[in-house]
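Here is a walk through one protein model, taken a few residues at a time. Keep the structure in view as you read.

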Amino acid sequence: MLVVDDHQVLLRALEDWLSGVPLVKVVGICGSAREALSVLPERRPELVLLDANMPDMGGIEAVEPIKQWNSSVRVVIMSFDEVHLAVARRMPLVDQAIDKHHLREEFPLLIQEIVRARPSS
């Protein structure tokens with residue numbers, strides 16, 4: 001998983017917390033959507049967790065280039081803002097949108113859902 005958020009304190013807290021979530025492997029953290037786009041080929045995440053609203057390019061704007069890079073990458077938008085979440089939920093390329101207030105409760109369930117949906121090798 002690649003985690004993307006422009007708030008460094010939150011980004012580090014997410015990285016620490018996610019390292020303890022079963023079935024999650026954080027392959028990188030980025031402070032901007034542009035940085036995330038640049039590291040995709042090297043990090044090759046299966047899932048990208050993006051803050052919806054960031055300076056320069058928000059997570060919502062980054063969804064299309066991420067899916068163009070690899071259409072099978074799961075993209076999850078997170079935000080404290082209900083308007084951004086509503087926009088993300090209407091986007092066909094967004095796999096899930098999560099309120100940051102409920103991230104700890106909802107994210108582990110989302111990971112279980114993704115693992116169940118993953119094709120068997």
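Asp-51 counts as buried because its relative accessibility is 4%. Buried means under 20% relative accessible area, exposed means over 50%, and partly exposed lies in between (1.4 Å probe, protein chains only). The areas themselves come from the Shrake-Rupley method with a 1.4 Å probe, and for residues only the protein chains shown count as cover. This is a predicted model, in which local features need pLDDT of at least 70, side-chain atom pairs count only at pLDDT 80 or more, and totals for chains, interfaces and linings use all residues. Residues are numbered from 1 along each chain as its sequence is written, and side-chain values use heavy atoms, with hydrogens and water left out.

What does Asp-51 touch, not counting residues up to four places away in sequence? Its contacts (heavy atoms within 4.5 Å) are Val-4, Asp-5, Asp-6, His-7, Gly-58, Gly-59, Met-78, Ser-79 and Lys-100.

Asp-51 lies in strand E3. Helices (H or I, at least four residues) and strands (E, at least two) are DSSP runs, numbered from the N terminus. E3 covers residues 47–51, and five of its five residues are buried. Look at its two faces. Leu-47, Leu-49 and Asp-51 sit on one side, Val-48 and Leu-50 on the other, and all are buried.

Now find the partners of E3. Two strands pair if DSSP finds at least two bridges between them. Strand E1, residues 2–4, pairs with E3 in the parallel sense over three bridges. Here Val-3 has Leu-49 as its bridge partner. Strand E4, residues 74–79, also runs parallel to E3, and five bridges join the two. Across this pairing, Asp-51 stands opposite Met-78. From E3, the chain crosses through helix H3 (residues 59–69) to E4, in a right-handed β-α-β crossover. Right-handed has a set meaning: with the strands pointing away from the viewer, the path from the first strand over the helix to the second runs clockwise.

The loop between E3 and H3 holds Pro-55. Is Pro-55 buried or exposed? It is exposed, because its relative accessible area is 56%. Pro-55 and Val-3 are 52 residues apart in sequence, and their C-alpha atoms are 16 Å apart in space.

Move on to E4. Six of its six residues are buried, so E4 is largely enclosed by the rest of the structure. Arg-74, Val-76 and Met-78 make up one side, Val-75, Ile-77 and Ser-79 the other, and both faces are covered. Leu-50 stands opposite Ile-77 in E4. E4 also runs parallel to strand E5 (residues 96–99), joined to it by four bridges. The bridge partner of Val-76 in E5 is Gln-96. Between E4 and E5 the chain passes through helix H4 (residues 82–89), and this β-α-β crossover is right-handed.

Arg-74 belongs to strand E4. It counts as buried because its relative accessibility is 18%. Its side chain makes a polar contact of 3.3 Å with the side chain of Asp-95. A polar contact is a pair of N or O atoms within 3.5 Å; within protein, one must be able to donate a hydrogen and the other to accept it, and residues adjacent in sequence count only if both atoms are side-chain atoms. Leaving aside neighbours within four places in sequence, Arg-74 is in contact with residues including Glu-46, Leu-47, Val-48, Lys-67 and Asp-95. Glu-113, Ile-114 and Ala-117 are also among them.

Step back to the whole chain. The protein chain has five helices and five strands. From the N terminus on, they run β-α-β-α-β-α-β-α-β-α. The radius of gyration is 13 Å, close to the 14 Å that the globule rule gives for 121 residues, so the chain is as compact as a globular protein of that length. That radius is taken over C-alpha atoms, and the rule is 2.2 Å times the number of residues to the power 0.38. Along its principal axes, the C-alpha trace spans about 40 × 30 × 25 Å. Of the 121 residues, 44% are buried. The chain exposes about 6,700 Å², with 52% supplied by carbon and sulfur atoms.
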